[in-house]
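Please walk me through the structure shown here, one part after another. I have not seen it before and would like a plain account.

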Amino acid sequence: MPASCILGTGSYLPERVVTNADLETMIDTTDAWIRERTGIEKRHVVVDGETCCDLAEKASRNALDAAGLQASDIDLILVATTTPDQFFPSTACLLQHRLDAHGCPAFDLQAVCAGFVYALDVADKYIRCGAARHVLVVGAETFSRVLDWTDRSTCVLFGDGAGAVVLGAGDQPGIISSRIYADGAYKDLLQIPGGHGNGRPDEAFVEMKGNEVFRFAVTKLWRLVDETLAANGLSRSDIDWLIPHQANLRIIQATARKLDLPMERVVVTVHEHGNTSSASIPLAFDQAVRDGRIQRGQTLLMEAFGGGFTWGSTLIKY
């Protein structure tokens with residue numbers, strides 16, 4: 001049975017930057033408060049006319065270049081997003097057209113901030129069963145468009161961006177295992193309540209009960225990491241890099257403490273672009289690959305938690 005190996009990574013952030021100082025002029029907040037509570041210093045935000053597919057395309061082309069492949073080599077395109085360009089076609093189909101990669105299946109996957117690890121799990125199964133040899137997996141978001149910019153509890157947290165990986169079938173270790181979960185009983189703690197399907201299109205903004213989400217996320221994530229390692233006969237010391245969802249520096253630090261994992265072995269980018277939902281892990285992954293921190297042969301653990309609630313992990317031999 002072939003393994004799903006990571007052949008290339010890519011990412012893209014919009015050029016427009018909104019700093020904490022910028023937010024001080026818009027809402028009742030301060031740079032010091034945002035940094036203390038979240039660790040975020042700035043976020044990238046799309047401009048008028050810039051779409052989720054635009055971000056996904058640039059990240060995808062970077063990943064394809066890194067993999068040494070053409071778009072025509074791709075057998076499946078998966079886009080994890082909560083903020084698609086339109087109801088349909090899917091952003092994956094729009095991306096497929098942009099890349100001139102006609103014919104292969106392409107679809108979106110929506111698991112909010114856990115979307116990228118969900119998509120990796122799906123891609124891995126396609127490769128392992130022989131249904132695809134090369135898979136493009138993208139996490140892309142324009143979350144700034146679903147924010148109430150007068151709500152200081154949420155608008156300071158999120159940003160826009162995209163990250164991508166190209167997976168290929170190989171005989172070397174790649175994705176070792178994935179574990180994904182969901183529990184809709186907690187839907188009211190983190191949601192966008194409105195939508196055309198329920199006749200409430202004017203309520204299409206993020207709502208979050210931050211303290212409850214924080215407690216649930218930290219508990220689930222450290223248990224998930226231990227569960228993933230135990231299932232694969234590994235210990236915490238076997239992890240070279242933890243690549244967590246970049247939601248909040250305090251959540252990342254709390255998870256690392258629970259695992260007795262030094263922050264020097266945790267990839268942190270939340271200060272640079274805030275919470276980019278499904279894009280945050282591939283953005284952090286690509287940055288750490290390109291700056292030389294992550295090396296071939298190392299063991300990586302990705303973990304994420306998002307609205308739904310959804311959560312999951314991916315264990316990788318890079």
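The paragraphs below go from a sheet to the helices beside it, and then to single residues.

The structure is a predicted model. In general, strands of a sheet pair through backbone hydrogen bonds, either parallel or antiparallel. Strand S6 (residues 134-142) and strand S7 (residues 160-170) are an antiparallel pair with nine bridges. Glu 141 has Gly 161 of S7 opposite it.

H5 can be followed in more detail. From first C-alpha to last, its 14 residues reach 20 Å, close to the 20 Å expected at 1.5 Å a residue. Is H5 mostly covered, or mostly open? Ten of its 14 residues are buried, so H5 is mostly covered. Among the buried residues are Phe 116, Val 117, Tyr 118, Leu 120 and Ile 127, and the list also includes Asp 121 and Asp 124. Just after H5 comes Gly 130, with a positive phi of about 85°.

Helix H3, residues 52-67, has 16 residues and spans 22 Å between its first and last C-alpha, close to the 22 Å expected at 1.5 Å a residue. Its buried residues include Cys 52, Cys 53, Leu 55, Ala 59, Ala 63 and Ala 67. The buried residues of H3 pack against S1, helix H4 (91-99), S6 and S7. Gly 68 follows H3 and has a positive phi, near 70°.

How many disulfides does the model have? The count is zero. A disulfide needs two cysteine sulfur atoms within 2.5 Å. Cys 5 counts as buried because its relative accessibility is 13%, below the 20% limit. Cys 104 is buried as well, at 12%.

Tyr 181 lies in strand S8, residues 175-182. With a relative accessible area of 29%, Tyr 181 is partly exposed. Apart from neighbours within four places in sequence, Tyr 181 is in contact with Tyr 118, Leu 224, Glu 227, Phe 309, Thr 310 and Trp 311. Its side chain makes a polar contact of 2.2 Å with the side chain of Glu 227, and another of 3.5 Å with the side chain of Arg 179. Ser 280 is found in helix H9, and is buried, with a relative accessible area of 0%. Leaving out residues up to four places away in sequence, Ser 280 touches His 245 and Gln 246. A polar atom of the Ser 280 side chain lies 3.1 Å from the backbone nitrogen of Gln 246.

The backbone has some further points to look at. Most residues other than glycine have a negative phi, and most peptide bonds are trans. Phe 88 and Pro 89 are joined by a cis peptide bond, with omega about 0°, and Pro 89 lies in the loop between S4 and H4. Another cis peptide bond joins Gly 308 and Phe 309, with omega about -15°. Phe 309 is in the loop between strand S12 (299-306) and strand S13 (310-317), and is one of the residues in contact with Tyr 181.

Asp 100 has a phi near 60° and sits in the loop between H4 and S5. Val 112 has a phi of about 55° and sits in the loop between S5 and H5. Which of these is buried, and which exposed? Asp 100 counts as exposed at 54% relative accessibility, whereas Val 112 counts as buried at 16%.

Methods: Residues numbered from 1 in each chain as written. Predicted model: local features only at pLDDT ≥ 70, side-chain atom pairs only at ≥ 80, totals over all residues. Heavy atoms only, no water. Pairing = 2+ DSSP bridges. Helix = DSSP H or I, 4+ residues; strand = E, 2+ residues; numbered from the N terminus. Buried < 20%, exposed > 50% of the residue type's maximum accessible area, 1.4 Å probe, protein only. Expected span 1.5 Å × (residues − 1). Contact = heavy atoms within 4.5 Å. Polar contact = N/O pair within 3.5 Å; in protein donor to acceptor, adjacent residues only side chain to side chain.
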